[in-house]
Amino acid sequence: MPDLHASRRDALRTVLNESGVDALLVTDLLNVRYLTGFTGSNAALLVHCAGEDRTVFCTDGRYTTQAEHEVPDLPRVIERESAAALLTRAAGDAAAHRRTGFESQHVSVEAHDAFARLAEGIELTRAPGLVEQLRLIKDETEIEALRMACAAADRALAGLLEHGGIRPGRTELEVARDLENRMLDHGSSGPSFASIVAAGPNSAIPHHRPTGRPLRTGDFVKLDFGATVDGYHSDMTRTVVLGRPADWQEDLYELVRRAQETGLEAALAGQEVADVDLAARRVIEQGGHGEEFSHGLGHGVGLEVHEAPRLAKNVAGTLAVGMTVTVEPGVYLAGRGGVRIEDTLVVRDADPELLTLSSKELVVV
């Protein structure tokens with residue numbers, strides 16, 4: 001999709017001109033992928049504000065053929081030390097690269113020192129977050145990849161439930177592996193992150209790692225998982241109960257379900273992210289469990305499973321059309337069990353578009 005990536009680089013040039021830099025050295029691999037389509041493990045990109053004819057891509061010899069296929073529309077340099085090679089090239093035309101930005105949030109002190117030695121005649125300036133600023137708003141190509149990733153996760157969960165994948169005697173690890181294999185069967189290239197399967201008291205640990213603990217009748221079982229399609233991640237949490245739920249489990253689940261519904265309704269373009277968090281948090285606080293909701297309401301999702309924007313109290317920012325975020329309130333009662341319900345959605349002009357479609361009624365297995 002050369003035209004798509006070229007349009008993203010054009011958008012970045014507008015940002016560069018607004019930031020007062022002549023060029024940007026892009027070294028974060030996800031940002032390189034966003035701007036070029038390259039999926040290898042070593043690359044850098046020098047984007048010049050003057051146009052494509054001064055923009056150069058670099059990778060090493062392992063990826064020569066791959067780069068020809070994935071980055072056909074840019075001049076390509078083949079060097080092992082990709083960032084260094086591009087800086088050396090820029091220094092050879094220092095007048096055109098007087099102020100060159102670098103992604104300071106991704107560059108170590110040692111790497112910066114090495115860059116500075118190479119950039120003779122160039123003012124290296126910190127330019128954090130410029131590409132991420134563009135990545136906040138997803139285009140329809142990105143949203144379709146996210147939609148497919150969410151569908152893979154939905155289908156995997158449906159198969160797990162339909163075929164008895166959650167039952168007494170199975171361990172958390174067995175369920176997690178089963179779930180991840182089912183996502184692969186439905187088009188995922190791999191899990192978005194290490195799947196969380198947390199049963200019984202472990203469900204009260206927000207980011208529990210699956211263990212050999214067997215599932216038991218009466219357990220809450222919390223499943224937090226995601227699929228990856230074309231580099232884009234889904235993220236979803238559902239909580240089920242093994243056997244007939246106790247009254248406290250039904251009450252807790254209903255409280256979190258109402259909080260999640262309220263958060264979804266609040267996730268509208270123009271809303272402050274802190275206010276979206278507050279809308280859902282207030283429901284849980286009124287239910288007497290404010291102290292047991294110990295994390296933010298959600299986060300952006302895309303090429304990273306956790307990216308901007310954050311939906312949390314005391315965080316500045318406003319939702320905009322095209323942002324993809326999660327809404328995931330939870331209540332965790334230490335030693336007893338916990339509930340989290342999470343969806344991935346797209347902020348639209350009117351109501352948000354849900355990408356995760358699995359039922360949120362309390363499932364009893």
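Glu142 touches Arg8, Tyr34, Ile137 and Tyr232, residues up to four places away in sequence not being counted. Contact here means heavy atoms within 4.5 Å. The model is predicted: local features need pLDDT of at least 70, side-chain atom pairs count only at pLDDT 80 or more, and totals for chains, interfaces and linings use all residues. Residues are numbered from 1 along each chain as its sequence is written, and side-chain values use heavy atoms, with hydrogens and water left out.

Glu142 lies in helix 7, which covers residues 140-162. Helices (H or I, at least four residues) and strands (E, at least two) are DSSP runs, numbered from the N terminus. The relative accessibility of Glu142 is 2%, so this residue counts as buried. Buried means under 20% relative accessible area, exposed over 50%, and partly exposed in between, with a 1.4 Å probe and protein chains only. The side chain of Glu142 also makes a polar contact of 2.7 Å with the side chain of Tyr232. A polar contact is a pair of N or O atoms within 3.5 Å; within protein, one must be able to donate a hydrogen and the other to accept it, and residues adjacent in sequence count only if both atoms are side-chain atoms.

Strand 2 spans residues 43-48. Six of its six residues are buried, so the strand is largely enclosed by the rest of the structure. Ala43, Leu45 and Val47 point one way from strand 2. Ala44, Leu46 and His48 point the other way, and all are buried.

Strand 2 pairs with strand 1 (residues 23-26) in the antiparallel sense, over four bridges. Two strands pair if DSSP finds at least two bridges between them. Within this pairing, Ala23 stands opposite His48 of strand 2. Strand 2 also runs antiparallel to strand 3 (residues 56-59), again joined by four bridges. There, Thr59 of strand 3 is the bridge partner of Ala43.

The chain as a whole has 10 helices and 19 strands. Its radius of gyration is 23 Å, close to the 21 Å that the globule rule gives for 365 residues, so the chain is as compact as a globular protein of that length. The radius is taken over C-alpha atoms, and the rule is 2.2 Å times the number of residues to the power 0.38. The C-alpha trace spans about 70 × 40 × 35 Å along its principal axes. Of the 365 residues, 54% are buried. Among contacts between residues at least 6 apart in sequence, 66% join residues at least 24 apart.
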